[in-house]
Amino acid sequence: MTTGTEDSRRKRNRCLLCIAAGIIAQTIIIVLFVVFVLRVKTPKVRLDSVAVNSLATSSSSSSPSFKIEINAVVAVKNNNFGHYKFESSKATFSYKGTEVGEGTIAKEKAKAKKTKRINVVVSLSSNKVSSHSELSSDLRSGNLTLTAYAKLDGKVHLLNVLKKKKSADLNCTINLDIKAKMVRVLTCK
């Protein structure tokens, strides 16, 4: 009789040990899931490319001016396991701190672990540039340096349950070669 109770006690202990091991394994899996999958990163926004559609300049020293139409491709890289929905935003283009053009980045969604590319057509004009002495020399040299800035506000949606607000900044410098009517250097931070 004692052997029967010892066997049942061993079976109970073995069963309890298996249950405890299962609970520990599930806890480890949940912790790893939370640490690696549910960690929300800020998406990266860059200008992927900039093409010059039309360009007209006047480098006279009395009234230097430019009128440029560009086609910029904005790339939103989402490294999260959930999609990133962002609101429409303005991309501002500046020359030496003075705004010379503005484009609209449409409301979109970047899928999980993907890069969403958005075309933005922008007309740039030197109308707001107060007779910069540098503008005339820049136009004569054939190199025009512009900066682009935008801020995308949105939410990362994880498992359609969790939503985390994230803002991504675009900050790029564009060096235009006026004579060749093309972008020589495009750098983003």
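## Helix 1 and its charged pair

Asp 7 and Arg 10 share helix 1, which spans residues 2–36, and they sit 3 residues apart, about one turn of the helix. In this predicted model, the two side chains form a salt bridge whose closest N and O atoms are 3.8 Å apart. Asp 7 is partly exposed, because its relative accessibility of 40% falls in the range for that class. Glu 6 comes into the picture too: salt bridges with shared partners join Glu 6, Asp 7 and Arg 10 into one network.

Helix 1 also carries Leu 32. Leu 32 itself counts as partly exposed, at 45% relative accessibility.

## Salt bridges across the chain

Side chains of opposite charge can pair when their charged atoms come close. The count for this structure is 7 salt bridges. One of them joins Arg 117 to Asp 48, with the closest N and O atoms 2.7 Å apart. This pair links distant parts of the chain, as Arg 117 belongs to strand 7 and Asp 48 to strand 1 (residues 44–58), 69 residues apart. Asp 48 is partly exposed, with a relative accessible area of 39%.

Another salt bridge is formed by Lys 96 and Asp 138, and there the closest N and O atoms are 3.9 Å apart. Lys 96 is in the loop between strand 4 and strand 5, while Asp 138 is in helix 2 (residues 133–141), so the pair ties together parts 42 residues apart in sequence. What about burial for the two partners? Lys 96 is partly exposed, with a relative accessible area of 45%, whereas Asp 138 is buried, with a relative accessible area of 17%.

Most residues other than glycine have a negative phi, and most peptide bonds are trans.

Where is Lys 113 placed? Lys 113 belongs to the loop between strand 6 (108–110) and strand 7 (115–125). With a relative accessibility of 44%, Lys 113 counts as partly exposed. There is an aromatic neighbour to look at as well: Lys 113 lies over the face of Phe 81, at 4.5 Å from the ring centre.

## Aromatic pairs

A pair of aromatic rings is described by the distance of the centres and the angle of the planes. The structure holds 2 aromatic pairs. In one of them, the ring centres of Phe 66 and Tyr 95 are 6.4 Å apart and the planes meet at 70°, so the arrangement is edge-to-face. Phe 66 comes from strand 2 (residues 65–77) and Tyr 95 from strand 4, so this contact ties together parts that are 29 residues apart in sequence. Both Phe 66 and Tyr 95 are buried.

## Strand 3 and its partners

If you trace strand 3 (residues 83–86), you will find an antiparallel pairing with strand 8 (residues 143–158) over 4 bridges. Within that pairing, Lys 85 has Lys 155 of strand 8 as its bridge partner.

Strand 3 also pairs with strand 6, again in the antiparallel sense, over 3 bridges. Here Tyr 84 has Ala 110 of strand 6 as its bridge partner.

The loop between helix 2 and strand 8 contains Gly 142. Is Gly 142 buried or exposed? Gly 142 counts as buried, because its relative accessibility is 0%. For a distance to check in your viewer, take the C-alpha atoms of Gly 142 and Asp 153: they are separated by 36 Å, and the two residues are 11 residues apart along the chain.

Methods. Residues numbered from 1 in each chain as written. Predicted model: local features only at pLDDT ≥ 70, side-chain atom pairs only at ≥ 80, totals over all residues. Heavy atoms only, no water. Helix = DSSP H or I, 4+ residues; strand = E, 2+ residues; numbered from the N terminus. Buried < 20%, exposed > 50% of the residue type's maximum accessible area, 1.4 Å probe, protein only. Phe/Tyr/Trp six-rings, centres within 6.5 Å; stacked < 30°, edge-to-face > 60°. Lys NZ or Arg CZ within 6 Å of the ring centre and 35° of its normal. Salt bridge = Lys/Arg side-chain N within 4 Å of Asp/Glu carboxyl O. Pairing = 2+ DSSP bridges.
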